[in-house]
Amino acid sequence: MIIILPAAILLGLALRGAACAGDHLHARDAYAHEHLNKREYPQVPITPPYRPLVWGDFNVIHTTDTHGWLLGHQKLSFPEPDYSGDLGDFASFVTHMKEIAIEKDVDLLLVDSGDVHDGTGLSDGYPPGGVDAHESNKFLERLPYDVMTIGNHELYIYADTYDMYTNFVPYLDGRYLSSNVNITVFNSDGEPESVPVGNRSTKFTTRKGRRITSLGVLYDFTGNDVNTTVQTVADMVEEQWFAEAIAEEPDVFVLIGHMPVSYDNWPTVFNAVRAVHPLTPILIFGGHSHIRDCQQYDGRSMALESGRYMETIGWMSADLEAAQGNANNISFTRRYLDQNRVTYEYHTQMSNQTFDTADGRSITDGLQELAVMFDLSYLYGTAPQDYTINQNPYPSNGSLLSLFIADAVPYALSINNTRDSIPAIFITNSGSQRFNVFQGPFTKNDQLTASPFTDSFLYIPNITFSIANQVLPALNNAGASEKRKRDEIEKELWDRGIVDTRYRAWLEEMDRRAGMGRREATAGNLTLGYVTVDSCPGAGDDTLHMALPYYSVPDFIGSNPPNVTDDTPIDLVFVDFIEAQLLGILNGLQNAENYTTADVLLYSPTLSDAALGLYAQAAWN
């Protein structure tokens, strides 16, 4: 294992954002009161579950890819209210479910599959000198997780990994697992040493006396920072420690990992365990691709993936006692719960007045105080409507991508820019926007959530308009050789942690299946939400919804072309993230000059993450 110990640096794709300064309006005093009213008295009706949970003698509650969404989704446009619970509500839910488990005299575990960094202002809105999710993770520490594992977003920046290693992992007391992930630290002799971030495996006994063996696996991630190491899953299962960890047969394997349960390497881990224990029950809890998904690799196993962003809470139950001493299939159920108080109160048979626990209230209050400390309610302006990434066509008035590249970017980059009078075309990648913008207050938290990437805008001057205007379509309509390159780029992006392609393919398939059924769903007064079809028997969704409309978007998006003649020289402006691809396209469109990085200049000091806020200040006040 190679050990490198310079100052830690970022290897790209770190999700960071810093809200721009300006004359913000403050709404601090009303923040907690307003949020409390939304929690206890929903401003829009939320559909409850349509059937109780099925309990087995062994049950698991699952979270994954929470990404800082610990105050839930606070906007009023659907499907956001479906996910309006916060971590305090979830903590109260877990407490009540634990009590129900005791009454039923069954086991109930709580597990998490990683990615607690990068997503909202609670994790990313820290002041200069801070560490991502350091403060928000303190609230996750207060939940009674039985096992947690590491995600790729814990590894983009060494400081984040080291913070987890020194401050978060100790709270799990051996139950934070990183089977194939190491961090390089100084040992007691002052020498650099590569050690697991958490434990490679753990064994524990449940309240009902069941013996559990757990692993915590990360998919084959390559975007980790220096001084961290990710071993491939195939190599991990060949390690001596792995053989020793699984040698003794437990009553059940509970395997968690930041790795999708479909089209990834869980079968590699599963088969390695099955080779030693052909009949032992195996429960797998995956993550990373942000979708609701379920697989059964054989009749005595189930693998569950439970969405993203505190939208979904996963539930799995199993009847293990009936499977003892035989080779029969195990009876499993799984459920995808919408993360809101209506769901929680339905399954715990509580009311608004009886649901909250003291600790749950304390967590909610603490998160609201953190939001105030980070000034997340700073108001840039009031959005006049919803702007979505995939629920409206691109280009259109309802498209966030249109708003960003046609309106926000040209305005933001014109500020104090001596080149503002020169006609320009602006180009970026559609993945530059992470989350929708909804009607109503557009705050610092919304900017950090929707547009987090700190890309610089570069330009090449004096490109003839007729050539510059062909660059965007050429980027989006590459030939066969370019498509092969794009496939390679897609694979590289997946390896480095970008999940947009798989998540959007899931949404697209959901919309395709909905088809004419959407008209019937509308007649049935169903609200927008996820409509899941997976590979496990029975229906998985806990609440009935109408599928979200889905419109595909191109890989690259551009501003409206200037009204000039074909021979007019203009500025070709683009984000640094796509520089290499754009240069290749530009050189393929003309042969008068071979453009290189030496021809590329910085267009503006304004970064991409500031564009929406600057635009909102000017246009939405």
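Predicted model: local features only at pLDDT ≥ 70, side-chain atom pairs only at ≥ 80, totals over all residues.

Before I start on strands, a reminder to myself: I call two strands paired if DSSP finds at least two bridges between them.

**Entry 1, a hairpin.** I began with S5 (residues 181-186) and S6 (residues 192-196), which pair antiparallel over five bridges. I looked up Val185 and found that its bridge partner in S6 is Glu193. Five residues sit between the two strands of this hairpin, and Gly190 has a positive phi near 80 degrees.

**Entry 2, the sheet with S1.** I traced an open sheet of six strands in the order S4-S3-S2-S1-S14-S15, with mixed pairing. Which strands stand at the edges? They are S4 (176-177) and S15 (332-338); each has a single partner strand, so one side of each has no neighbour in the sheet. Inside the sheet, S1 (residues 58-63) and S2 (residues 107-112) run parallel and share six bridges. Asn59 has Leu108 of S2 as its bridge partner. Helix H2 lies across S1, S2, S14 (312-318) and S15, at about 155 degrees to S2.

UniProt, in an unreviewed entry, lists residues 59-291 as "domain: Calcineurin-like phosphoesterase". In the model that span is 26% helix and 24% strand, and its end C-alpha atoms lie 21 Å apart.

The largest nonpolar core has 82 residues, and Leu87 and Phe90 touch the most other members. H2 (residues 87-104) gives the most to this core, with eight residues. What does Phe90 touch, leaving out residues up to four places away in sequence? My list reads Ile61, Thr63, Leu110, Leu143, Tyr145, Ile313 and Tyr344. Another core lies apart from it; this one has 55 residues, including Tyr387, Ala474, Ile557 and Tyr603.

S17 (residues 424-429) and S22 run antiparallel and are joined by three bridges. Ile427 stands opposite Gly558 in S22.

Going through H19 (residues 611-619), I found Ala611, Leu612, Gly613, Leu614, Tyr615 and Ala616 buried. Among the elements that cover these buried residues are S16 (379-383), H12 (400-414), S18 (440-443) and H13 (444-450).

How many disulfides does a search of the whole structure find? I got one. The disulfide joins Cys294 to Cys536, with S to S at 2.1 Å. The torsion about the S-S bond is about -80 degrees, so I logged this disulfide as left-handed. Cys294 lies in S12 (residues 292-295) and Cys536 in the loop between S20 (528-529) and S21 (546-547), so the pair ties together parts 242 residues apart in sequence. For burial I used the cut-off of under 20% relative accessible area. Cys294 is buried at 0%, and Cys536 counts as buried at 7%.

Phe78 and Pro79 are joined by a cis peptide bond, omega about 15 degrees. Pro79 is in the loop between S1 and H2. Tyr394 and Pro395 are also joined by a cis peptide bond, omega about -5 degrees. I placed Pro395 in the loop between S16 and H12.

Asp118 has phi near 65 degrees. Asp118 sits in the loop between S2 and H3 (121-124) and is buried at 2% relative accessible area. Asn227 has a positive phi of about 70 degrees. Its loop runs between S8 (211-218) and S9 (228-230), and Asn227 counts as buried at 5% relative accessibility.

How values were computed. Residues numbered from 1 in each chain as written. Heavy atoms only, no water. Helix = DSSP H or I, 4+ residues; strand = E, 2+ residues; numbered from the N terminus. Disulfide = S-S within 2.5 Å. Buried < 20%, exposed > 50% of the residue type's maximum accessible area, 1.4 Å probe, protein only. Core = buried A, V, L, I, M, F, W, Y, C linked by side-chain atoms within 4.5 Å. Contact = heavy atoms within 4.5 Å. UniProt positions renumbered as here; feature names shortened; annotations may be inferred. Axes fitted to C-alpha atoms, helices over the stretch in contact; angles between N-to-C directions.
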